Amino acid sequence: MTDALGWRRKFGVIAPSTNTIVEPDFYRMGVPGVTSHFSRIHIRDQNMAGDAGMERLLEQIRDEIGAACERVLTCEPDYMVMGMSAETFWGGVEGNKQFVRQIHDITGLQVATGAEACERALKLFGARRIGVVTPYQPVGDANVRRFFTELGFTVDRIIGLKCPTAVSIAHVTEEELRAALRELAAGDVDALVQCGTNLSMVAAADEAERWLGLPVIAINAATWWMALRDNGIDDKVHGAGTLLREH
């Protein structure tokens with residue numbers, strides 16, 4: 001039998017319980033016949049202050065992610081999508097590969113991660129030098145830099161917003177994001193990347209590409225793009241950046 005609404009694909013999505021941005025972003029970028037079904041990782045301590053705070057947050061994700069995957073499997077999804085990004089950058093390229101293997105071992109399904117989606121997008125655009133904005137603490141930014149550097153990209157600069165809690169990431173204003181993008185674009189860069197799935201960037205990135213004249217890769221848009229294209233779904237989505245509109 002075919003699912004009445006997800007007749008093309010059903011995506012199982014894993015996100016932290018504190019995240020209020022990625023779910024509406026994915027719904028907003030939806031296409032006919034594709035549905036996304038969220039399973040939440042229970043974040044009991046959302047303090048992200050300092051490197052120790054961010055490490056504790058990731059420890060909670062690692063402890064809970066297996067159960068979250070098992071819960072979403074009960075709706076019989078066709079593919080897994082990670083609605084969180086920090087863990088997908090952790091440990092550089094090999095760390096991302098290990099993470100994908102872990103999710104595949106649990107679910108038996110292929111997986112879209114923010115880290116790999118950004119890699120694919122940057123290669124598609126032919127970018128070599130990048131600027132990055134994140135909501136992370138310095139330890140998170142160091143892992144983002146490591147991931148992209150190991151792939152051969154030059155990271156001109158990272159602006160880490162150092163959000164104090166997991167929920168407060170969603171409180172970053174569009175004005176703050178515009179200022180960060182302008183600052184990054186003033187460097188010697190071919191493209192800009194935004195990490196952090198609870199940072200509301202999809203619409204702002206779409207607009208910024210027009211006035212900066214650069215690809216601006218919002219991680220939620222890139223991850224959704226990867227999930228669609230991996231599943232042979234070529235529908236174009238407007239209002240979410242060049243990646244989904246033209247590729």
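Q: Which way do Tyr79, Met80, Val81 and Met82 point from strand β3?
A: Tyr79 and Val81 point one way, Met80 and Met82 the other, and all are buried. Buried means under 20% relative accessible area, exposed is over 50%, and partly exposed is in between, with a 1.4 Å probe and protein chains only. Strands (E, at least two residues) and helices (H or I, at least four) are DSSP runs, numbered from the N terminus.

Q: Before we go on, what kind of model is this?
A: This is a predicted model, where local features need pLDDT of at least 70 and side-chain atom pairs count only at pLDDT 80 or more, while totals for chains, interfaces and linings use all residues. Residues are numbered from 1 along each chain as its sequence is written, and side-chain values use heavy atoms, leaving out hydrogens and water.

Q: OK, how many bridges join β1 to β3?
A: Four, and the two strands run parallel. Strands pair if DSSP finds at least two bridges between them. Gly12 has Met80 as its bridge partner in β3.

Q: And what about β3 and β4?
A: Two bridges join them, and they run parallel as well. Val81 has Ala112 as its bridge partner in β4.

Q: New topic: where is Asn198?
A: Asn198 sits in the loop between β7 (191-194) and α8 (202-212).

Q: Is Asn198 buried or exposed there?
A: Asn198 counts as buried, because its relative accessibility is 5%.

Q: What does the side chain of Asn198 reach?
A: It reaches the backbone nitrogen of Thr20 at 2.9 Å. A polar atom of the Asn198 side chain also lies 3.0 Å from the backbone oxygen of Ala166. For a polar contact, a pair of N or O atoms must be within 3.5 Å; within protein, one must be able to donate a hydrogen and the other to accept it, and residues adjacent in sequence count only if both atoms are side-chain atoms.

Q: How many aromatic pairs are there?
A: Nine. One of them is Phe89 with Phe147, edge-to-face at 5.3 Å centre to centre, with 85° between the planes. Rings of Phe, Tyr and Trp (its six-membered ring) pair if their centres lie within 6.5 Å; planes under 30 degrees apart count as stacked, over 60 as edge-to-face and the rest as tilted.

Q: What does the pair of Phe89 and Phe147 tie together?
A: Phe89 lies in helix α3 and Phe147 in helix α6, so the pair ties together parts that are 58 residues apart in sequence.
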